[in-house]
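Biologist: I would like to learn how to read a model like this one. Please start with the terms, then show me each case.

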Amino acid sequence: MTVKLPLVTLQVRPPHISPHDMGEAVNSAQASLPPPERLAYYAGLGALAALGIIEWPVAVAIGAGTMLAKRALRRDRSGGMREEQREEQREEEPGRRTGRAS
């Protein structure tokens, strides 16, 4: 497609995408999507907003709040596991005093 303007000529061509590149793009998109149950939740929020049952700013606020809560929960869980692993590692180190009475 070519668009001629007074000072500029714009040409737009479809990109050449190899099957390998397409596979990588699909894998990347799938990796960034939330799990199916959460995707259904967000789709439900969008449907409620589209039907006018709830206002779209409310749907966005609920979706963003849910996303932030999930991230915080995941971060807390992974941080707690790491702290437990560090504690176990400290206990397993030979010659290290733990300060506990035997």
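Modeller: Start with contact, which means heavy atoms within 4.5 Å. Here, Thr 66 is in contact with Tyr 41 and Tyr 42, leaving aside its neighbours within four places in sequence.

Biologist: What are the ground rules for this model and its numbering?

Modeller: This is a predicted model, where local features need pLDDT of at least 70, side-chain atom pairs count only at pLDDT 80 or more, and totals for chains, interfaces and linings use all residues. Residues are numbered from 1 along each chain as its sequence is written, and side-chain values use heavy atoms, with hydrogens and water left out.

Biologist: How should I read pLDDT, and where is confidence lowest and highest?

Modeller: pLDDT is the predictor's confidence in each residue, from 0 to 100. The protein averages 81, and 76% of the residues score at least 70. Confidence is lowest in helix α3 (residues 56-92), with a mean of 78. Helix α2 (residues 36-50) has the highest, at 93.

Biologist: How are the elements assigned, and in what order do they run?

Modeller: Helices (H or I, at least four residues) and strands (E, at least two) are DSSP runs, numbered from the N terminus. This protein has three helices and two strands. From the N terminus on, the order is β-β-α-α-α.

Biologist: Is Thr 66 buried or exposed?

Modeller: First the scale. Buried means under 20% relative accessible area, exposed over 50%, and partly exposed in between (1.4 Å probe, protein chains only). Thr 66, in helix α3, counts as buried because its relative accessibility is 18%. Of the protein's 102 residues, 5% count as buried.

Biologist: Which residues does Arg 38 contact?

Modeller: Arg 38 sits in helix α2. Lys 70 and Arg 74 are in contact with Arg 38, again leaving aside neighbours within four places in sequence. Arg 38 and Met 67 are 29 residues apart in sequence, and 9.4 Å apart in space, C-alpha to C-alpha. At 21% relative accessibility, Arg 38 counts as partly exposed.

Biologist: What makes a nonpolar patch, and which residues form one here?

Modeller: Patch residues have over 30% relative accessible area and no salt bridge. Like charges are joined within 9 Å, nonpolar side chains (Val, Leu, Ile, Met, Phe, Trp, Tyr) within 5 Å. A salt bridge is a side-chain nitrogen of Lys or Arg within 4 Å of a carboxyl oxygen of Asp or Glu. Here Met 1, Leu 10 and Val 12 form a nonpolar surface patch, with about 310 Å² of accessible area together.

Biologist: Where does Met 1 lie?

Modeller: Met 1 is in the segment before β1 (2-4). Met 1 counts as exposed because its relative accessibility is 67%. Not counting residues up to four places away in sequence, Met 1 touches Leu 10, Gln 11 and Val 12.

Conventions. Areas by Shrake-Rupley, 256 points an atom, 1.4 Å probe, with all protein chains shown as cover.
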